[in-house]
Amino acid sequence: MTSRYLSICLICFVVTSVNAGGETPFPADWRSWSAVTTPLTTIGALPGCDADVSALPAIYRETVEIYCAVRPEGPGAVSVLVKPDQVATYNTRSGKFADGSNMILHLKDLQLLFVTGNQEGAALYSVYKEDGTDLTDANPDGILGVNTCRVCHSGYAAFCISGQCGNAQ
Ligand code: HEC
């Protein structure tokens with residue numbers, strides 16, 4: 001009996017570790033989160049690679065450069081969703097997020113959720129399909145890996161606070 005339980009647990013562990021790309025959990029209730037207006041949602045979409053983005057801040061130019069090629073016309077329509085009880089933190093950019101998943105960049109045309117969470121102030125990243133399938137670390141070319149998120153979201157320290165790069169308009 002014990003050994004049967006043990007082997008079941010081992011299977012769970014292997015399956016979990018193969019899929020465990022995401023650092024912050026899938027927010028199953030994401031459809032009821034609050035949409036906020038940001039510079040990107042005002043533009044409405046992440047454009048394709050031939051868009052003239054020279055007037056945008058460097059962090060936005062780099063974001064377009066990294067993600068523009070995922071489809072010929074670019075990633076397309078976006079919205080930014082915030083966990084309802086964290087909207088005040090988002091709007092004031094205080095950085096004082098509760099632990100857990102807090103923010104979503106919803107790539108609506110791609111049906112992907114870029115999720116940022118927090119743990120004792122540190123930012124954590126994941127990529128999910130709308131149904132919760134974990135795509136973190138999936139191709140193309142590693143751009144869905146947490147390291148890509150972290151290099152930008154933490155690298156632009158003057159722009160992003162506790163993983164939050166956008167600001168309410
Ligand atoms: C090259 C820079 C860059 C990379 C790489 C990047 N982001 Fe972002 N991200 C941004 C910017 C800039 C915004 C703010 C856009 C806006 O709403 O105006 C943003 C917005 C977001 C938001 C909405 C909340 C916020 O920060 O305002 C989430 C969630 C998010 N990104 C998650 C991710 C995840 C997960 C990854 C990795 C798969 C990732 N991002 C990769 C630059 C980047």
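Reader: Hi! Which strand does Ser101 lie in?

Author: Hi! Ser101 lies in strand β4. Helices (H or I, at least four residues) and strands (E, at least two) are DSSP runs, numbered from the N terminus. The model is predicted, so local features need pLDDT of at least 70 and side-chain atom pairs count only at pLDDT 80 or more, while totals for chains, interfaces and linings use all residues. Residues are numbered from 1 along each chain as its sequence is written, and side-chain values use heavy atoms, with hydrogens and water left out.

Reader: Thanks! Is Ser101 buried or exposed?

Author: Ser101 counts as buried, because its relative accessibility is 7%. Buried means under 20% relative accessible area, exposed over 50%, and partly exposed in between (1.4 Å probe, protein chains only).

Reader: What does the side chain of Ser101 make a polar contact with?

Author: The side chain of Ser101 makes one with the side chain of Thr24, at 2.8 Å. A polar atom of the Ser101 side chain also lies 2.6 Å from the backbone oxygen of Pro25. A polar contact is a pair of N or O atoms within 3.5 Å; within protein, one must be able to donate a hydrogen and the other to accept it, and residues adjacent in sequence count only if both atoms are side-chain atoms.

Reader: OK, now Ser126. Where does that one lie?

Author: Ser126 lies in strand β6. With 2% relative accessibility, Ser126 counts as buried. A polar atom of its side chain is 3.0 Å from the backbone nitrogen of Glu23. The C-alpha atoms of Ser126 and Val146 are 6.5 Å apart in space, although the two residues are 20 apart in sequence.

Reader: Let me zoom out. How many helices and strands does the chain have?

Author: The chain has five helices and six strands. Read from the N terminus, the order is α-β-α-β-α-β-α-β-β-β-α. The chain has 169 residues, and 38% of them are buried.

Reader: Which elements give two or more residues to the shell around the ligand?

Author: Those are α2 (39-43), α3 (58-67), β4 (100-107), β5 (112-119), β6 (122-129) and α5 (146-155). Helix α3 gives the most, with six residues.

Reader: And how many residues surround the ligand?

Author: There are 27, and the closest are Thr38, Tyr60, Cys149, Cys152 and His153. A residue counts as near a molecule if one of its heavy atoms lies within 4 Å of it. By class, the shell has 17 nonpolar, nine polar and one charged residues. Ala, Val, Leu, Ile, Met, Phe, Trp, Tyr, Cys and Pro count as nonpolar, Asp, Glu, Lys and Arg as charged, and the others, Gly among them, as polar.

Reader: What is the protein donor of the iron atom?

Author: The only one is His153, through NE2, at 2.0 Å. His153 lies in helix α5. Donors are N, O and S atoms within 2.8 Å of the metal (3.2 Å for Na, K and Ca); water is not among the atoms, so sites may look incomplete.

Reader: What about the oxygen atoms of the ligand? Which tyrosine side chain has an N or O atom 2.4 Å from one?

Author: That is Tyr60. For Tyr90, a side-chain N or O atom is 2.6 Å from an oxygen atom of the ligand. Leu40 uses its backbone instead, with an N or O atom 2.9 Å from a ligand oxygen.

Reader: Last one! Which loop does Gln111 lie in?

Author: Gln111 lies in the loop between β4 and β5. Its phi is near 55 degrees, a positive value in a residue other than glycine. With a relative accessible area of 48%, Gln111 is partly exposed. Glu120, in the loop between β5 and β6, has a positive phi of about 50 degrees although it is not a glycine. Glu120 is exposed, with a relative accessible area of 72%.
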